[in-house]
Amino acid sequence: MHERLAEYRRIAVFGGVYNNALALLSTLEDARRRDVEAVFCLGDMGGVGPHPDRVFPLLKEHGVLAIQGNYDESLAQGRTDCGCGYTDPRDNHFARLSYEYTFANTSTENKQWLGALPRHRRLLLGPHRLLMCHGSPRVINEFLWESATPSGLLRRLARDADADVLLCTHTGIKWHRALDTGQHAVNVGVIGRPENDGSTNVWYTILTSRPDLSVEFVPVHYDFETLAREMDQEGLPPEFSETVRTGWWTTCLENLPSKERSRGKF
Amino acid sequence: MPSPMSLPLRTGEKDAGHAPVAPFLRFSTLWVQITGTWCNLECTHCINASGPAEPWLKPIKAEVARDAIREAEELGVKEIYFTGGEPFLHGDILPLLGFALRAAPTTVLTNGTLIDASVADELAALASAAPYSLEVRVSVDDTDPERNDRVRGAGIFDKAMSAVLLLHQRGLLPIVTATEIARRDDADGRGMYERFRDFLVSRGIEKPRVKIMPVFALGRLARAGGPVLSEEDLVGFDRATLQCSESRVVADGGVYACPILAGLAGARLSDRGLEASFRDAPLYHSSCVTCYQTGMTCTNG
């Protein structure tokens, strides 16, 4: 028997909160002004930002429908590693610092909340069958970069998932591809840190059924100076707050494909 | 030095049928062993004993590579790698890279010695025109020219670094790949990554990319009777972390489980194309112990 799916016409979707409660609040207020019916988060509440527990009341008060990211899974299971999938030792060094801070400053109650999140969500947006995941439909921490994700793979993932539209996050950089089969893949981006383009804003995505699928990437401007100051006050590495202040990634660069890496400063 | 054919490349071959296996989980990576073991260098640690003499594993024809790439695209491959031997010895390597880049992000592993300004120009043009990333991995085993050349041959350091700089000047971001054959931690505590990064920055490369690979007891470093994995070793071990659970290699003679063992009968999974190779891979070889112990992958990640 088929599960009855929730139906929407216009939704907001974001990923990667990374403890950035200030950007989260700005995103939620912006989405409300744009008349969306529901707001979804594709996981990774924790990360490089300060005061992890501040994001949970916002997610709950605003009725955000979330799924689990690799960070959430690790926190909930009490793992010693964020499971981001890095292999380079410099990436892993900085990932460990942010994870240890987040683990130590996330309450048991919030870890349990993360542990109860589903790994996928399915819904209908008009006639379009959507599948939401964190990394990819098959692996929670798989990186789907725009320049490293072939259309042949996307066709197969969508077919295997029985979906018309795949939504993912995890990489930190948004993109959208309409496939020749009529299917779509959208990396909705993250709101926790800027996307390595020298701008301090972050991005989320609004999807609308007109009934053709409309994908709109929305910039969010927030009080990044306060966030960066709080990060410094919490003793987080200056490389993290530098990214918030400049819009250029300073860490976790080693797994970027060459096209994405070449667009950044470092 | 013995000829490559006389080296103990087939350590453990007879036990392949009784070995523990890695389940096939998904098809992520296609490796194209384009030049087999044909190479213009003869590195002391080469995992498949490549060299300029008659190769024990033959190059494959361009059409065989194209067929594999077409099939791989249809099967949803995520990334494609060209290796050898030295891929730039193959007369069709540049058009093949262009063909692969229309299907998926593509990486070529090279010793760099055949990349002159003209080849670098063509690679830059391919990268610019492609929707997907082109990665060029250039092997350099030590930041010290003398130490490097002891492993890779006289004068090779300068040629490889020339390739790295030519690629860099054209906006490509080559990945310098080193094996731990020359591992040494500096007095100031810098490890291999830091040493290579600092070195590349000192040469004007603002976005240094480095990959470090372990040394395998294989090819010219093969030892007869090396340890092999047992079911007991793998209790509690996540076999999904082994690259053979999601990679396949097209080389002369068929489709193999992983690039380390391409050409070896025990690792051959199909002679009828890629899809027929989507089955458990035997962890029969002493090299499988290295993947098990180090968690290494031959991919860029």
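Reader: Let's start with chain A: how many helices and strands does its secondary structure come to?

Author: This is a predicted model, and in it the secondary structure of chain A comes to nine helices and eleven strands. The C-alpha atoms of chain A fill a box of roughly 50 × 40 × 35 Å along the principal axes, and 52% of its 266 residues count as buried.

Reader: What radius of gyration would a compact globule of 266 residues have, and what does chain A have?

Author: For 266 residues, a compact globule would have a radius of gyration near 18 Å, and chain A has 17 Å, which agrees.

Reader: And chain B, what are the numbers there?

Author: The secondary structure of chain B comes to seven helices and eleven strands, its C-alpha atoms fill a box of roughly 50 × 45 × 40 Å along the principal axes, and 49% of its 301 residues count as buried. With 301 residues, a compact globule would have a radius of gyration near 19 Å, and the 18 Å of chain B agrees with that.

Reader: In chain B, what percentage of the contacts with a separation of 6 or more joins residues 24 or more positions apart?

Author: In chain B that share is 75%, and in chain A 68% of the contacts between residues at least 6 apart in sequence join residues at least 24 apart.

Reader: Okay, where do the two chains touch, and how many residues does each one give?

Author: The contact takes 21 residues from chain B and 18 residues from chain A. On the side of chain B that touches chain A, helix H1 (62-74) and strand E5 (134-139) of chain B each supply at least two residues, and by class that side has nine nonpolar, four polar and eight charged residues.

Reader: New topic: which residues have the most contacts inside the largest nonpolar core?

Author: That core has 158 residues, and those with the most contacts inside it are A:Val13, A:Leu166, A:Leu167, B:Val32, B:Ile80 and B:Tyr256. Its largest share, eight residues, comes from helix H5 (residues 156-169) of chain B. As a general background, nonpolar side chains tend to be buried together in soluble globular proteins.

Reader: What is B:Ile80 in contact with, leaving aside its neighbours within four places in sequence?

Author: With those neighbours set aside, B:Ile80 is in contact with B:Leu30, B:Val32, B:Ile69, B:Ala72, B:Ala100, B:Ala103, B:Ala104 and B:Thr106.

Reader: Back to H5(B), then: which of its residues are buried, and what do they pack against?

Author: The buried residues of H5(B) are B:Ile156, B:Phe157, B:Ala160, B:Met161, B:Ala163, B:Val164, B:Leu166 and B:Leu167. They pack against helix H3 (117-129), strand E5, helix H4 (145-152) and strand E6 (175-179) of chain B. The helix H5(B) itself has 14 residues and reaches 20 Å from its first C-alpha to its last, close to the 20 Å expected at 1.5 Å a residue, and just after H5(B), B:Gly171 takes a positive phi of about 85 degrees.

Reader: How about H4(A), which residues are buried there, and why do they line one face of the helix?

Author: In H4(A) the buried residues are A:Ala95, A:Ser98, A:Tyr99, A:Tyr101 and A:Thr102. Seen down the axis of H4(A), these buried residues fall within an arc of 160 degrees, so they line one face of the helix. They pack against helix H3 (70-77) and helix H8 (238-246) of chain A.

Reader: Is A:Asp44 buried or exposed, and where is it found?

Author: A:Asp44 counts as buried because it has 32 C-beta neighbours inside 10 Å, and it is found in the loop between strand E3 and helix H2 (55-61) of chain A. Its phi is near 70 degrees, a positive value in a residue other than glycine. A:His170, also not a glycine, has a positive phi of about 80 degrees, and A:His170 lies in the loop between strand E7 (165-168) and strand E8 (175-178) of chain A.

Reader: Last one: which residues does a cis peptide bond join in chain A, and which in chain B?

Author: In chain A a cis peptide bond joins A:Arg210 and A:Pro211, with omega about 5 degrees, and A:Pro211 sits in the loop between strand E10 (202-209) and strand E11 (213-220). In chain B a cis peptide bond joins B:Gly84 and B:Gly85, with omega about 10 degrees.

How values were computed
Residues numbered from 1 in each chain as written. Chains lettered and ligands numbered in written order. Contact = placed C-beta atoms within 7 Å. Helix = DSSP H or I, 4+ residues; strand = E, 2+ residues; numbered from the N terminus. Nonpolar A, V, L, I, M, F, W, Y, C, P; charged D, E, K, R; others polar. Buried ≥ 20, exposed ≤ 12 C-beta atoms within 10 Å, placed from the backbone. Arc of directions from axis to C-beta. Core = buried A, V, L, I, M, F, W, Y, C linked by C-beta atoms within 7 Å. Rg over C-alpha atoms; globule rule 2.2 N^0.38 Å. Expected span 1.5 Å × (residues − 1).
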